[in-house]
Amino acid sequence: MTCDDSRIYLPAYLDDELDVAESLRVQKHLSECGDCRHAQDEQLALRSALRDPDLYAQPSADFSKRIEAAVRQAAKEEARSQRSSWFEWFRLGSFRWVPAAAALVIVTTIGALLVMNSLRSSHEQLIANAVLAGHIRSLQPGHLIDVPSSDRHTVKPWFQGRLDFSPPVPDLSELGWNLVGGRLDYVDGKPVAVLVYQRRMHNINVFLWPNHGSADDAIREEDAQGYQILHWNGAETTYWVVSDLNNAELLEFARALRGH
Amino acid sequence: MTSQEKLRRFEDQISPHLKSAYNLAKWLTRSHEDAEDIVQESFLRAFSAFESFRGDDAKPQNAKAWLLTIVRNTSMTWLKRNRNAHATIGFEDALEDPIERSPDPEEGLLISCDREQVRQALEQLPLDFREAVILREMEGLSYKEISATVGVPLGTVMSRLSRGRDWLRRILSTPQPVKPEEGAGLR
């Protein structure tokens, strides 16, 4: 180690900031070099002058008591503010969080209802499309009816053996709705019964199948390319009625059918 | 940690370093009253920030360095607020060699340990160097701890210590005591 190196390392050596290997190198150089030993003595002299206990600044006699009191006061205030902040949290909490939670529940419920509704209505839209397609197909020559009869006692037995349910076949002739026959069709992945009624020259297709869901008898209308489609869920049977008849008359028919 | 528990741990770990806190504040501000106010403010800050201190009884030095960091920062804020003619001294470029003589190493040796002369020299030492020297010589902080306390790199700590000590040694080895207003080598 050169003297230049030694002088660079010397302060860190005296401050005990060198690792063992470096310290040993400095030590070795100091033992061999008088000039560097002299520099070391200078630095040690300054160190001991700076470490003179009388240079160490002393606070007032009661200073530590003053600080202790201040800190304890702060601790007391902190404890109090913590208590009150918990209190505030609970108190305000009950006012802030209840409406927030209620709003969350409402939003979630509305969201769920919308989703369910759109799922349901998209399912109903599918049925409406199938019913409409069945109705239009039925208007092709020879497709309207499989069992031509105005006699419900002929039509009703015809379905037996063709379906796993026995559809109601009401006689509405007294109200001006003439039964002209029945046929089988296929809606929503299952065979269904179709009753065909007529008023004047308008055909009315009534699609019906067992209702396994909830029943409310509420008549709903669906959009349908110039045709009227009405449907409701009866206690045992789901009805889909489609016709080119005007809305008011078809609604009258639907009510007659439902009330039967 | 409850408030009671916090107070107990604070008084165990931090309060013992009150004298160090005062010593640092006093040497940085050079004012007894200001130093006491700064220490009180620092202790209250330290208490409210005590949750952020992760020390243990096995390493009391860490608690001291942690407290001194707060004291140092509080002192610097105070100094900036109360900036006056002599408080502006504190930049590294303000430190110049007080003397270009003393070619004879024997003559350069610290002649006297006259306490008032040393005190005066230390008070005249620019702030950046003074704080490094105080933290090292009086408070016994390691280079690493000084680096963290002052917020400068390790190399800067070593350079400030080295230059500050050289400056003090040269001041104290001159035959005439330094007059505060003249502040040889200080601009």
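This is a predicted model: local features need pLDDT of at least 70, side-chain atom pairs count only at pLDDT 80 or more; totals for chains, interfaces and linings use all residues.
User: At what angle do the axes of α1 and α2 of chain A cross?
Analyst: Helix α1 (residues 3–14) of chain A and helix α2 (residues 20–32) of chain A cross at roughly 120°, and their axes come within 10 Å. Angles from 65 to 115 degrees count as roughly perpendicular and those over 145 as roughly antiparallel, so α1(A) is oblique to α2(A).

User: Is that crossing left-handed or right-handed?
Analyst: The helices α1(A) and α2(A) form a left-handed crossing.

User: Which residues make the contact?
Analyst: From α1(A), Ser6(A), Tyr9(A), Leu10(A) and Tyr13(A) take part; α2(A) supplies Glu22(A), Ser23(A), Val26(A) and His29(A). By class, four residues of this contact are nonpolar, three are polar and one is charged.

User: Changing topic: which residues touch the most other members of the largest nonpolar core?
Analyst: Those are Ala25(B), Val39(B), Leu67(B) and Val71(B), in a core of 50 residues. Helix α4 (residues 60–81) of chain B gives the largest share of this core, with eight residues.

User: What does Ala25(B) touch?
Analyst: Leaving aside residues up to four places away in sequence, Ala25(B) touches Ala35(B), Ile38(B), Val39(B), Val71(B) and Ser75(B).

User: Which residues does the second core include?
Analyst: This separate core has 31 residues, including Phe159(A), Val187(A), Val194(A) and Phe253(A).

User: What percentage of chain A counts as buried?
Analyst: Of its 260 residues, 23% count as buried.

Conventions:
Residues are numbered from 1 along each chain as its sequence is written. Chains are lettered from A and ligands numbered from 1 in the order in which they are written. Axes are lines fitted to C-alpha atoms, for helices over the stretch in contact, and angles run from 0 to 180 degrees between N-to-C directions. Helices (H or I, at least four residues) and strands (E, at least two) are DSSP runs, numbered from the N terminus. Angles under 35 degrees count as roughly parallel, over 145 as roughly antiparallel, 65 to 115 as roughly perpendicular and the rest as oblique. A crossing is left-handed if the near helix is turned anticlockwise from the far one by less than a right angle, and right-handed if clockwise. Two residues are in contact if their C-beta atoms, placed from the backbone, lie within 7 Å. Ala, Val, Leu, Ile, Met, Phe, Trp, Tyr, Cys and Pro count as nonpolar, Asp, Glu, Lys and Arg as charged, and the others, Gly among them, as polar. A residue is buried if 20 or more other C-beta atoms lie within 10 Å of its own, exposed if 12 or fewer, and partly exposed in between; C-beta atoms are placed from the backbone. A nonpolar core is a set of buried Ala, Val, Leu, Ile, Met, Phe, Trp, Tyr and Cys residues joined through C-beta atoms within 7 Å.
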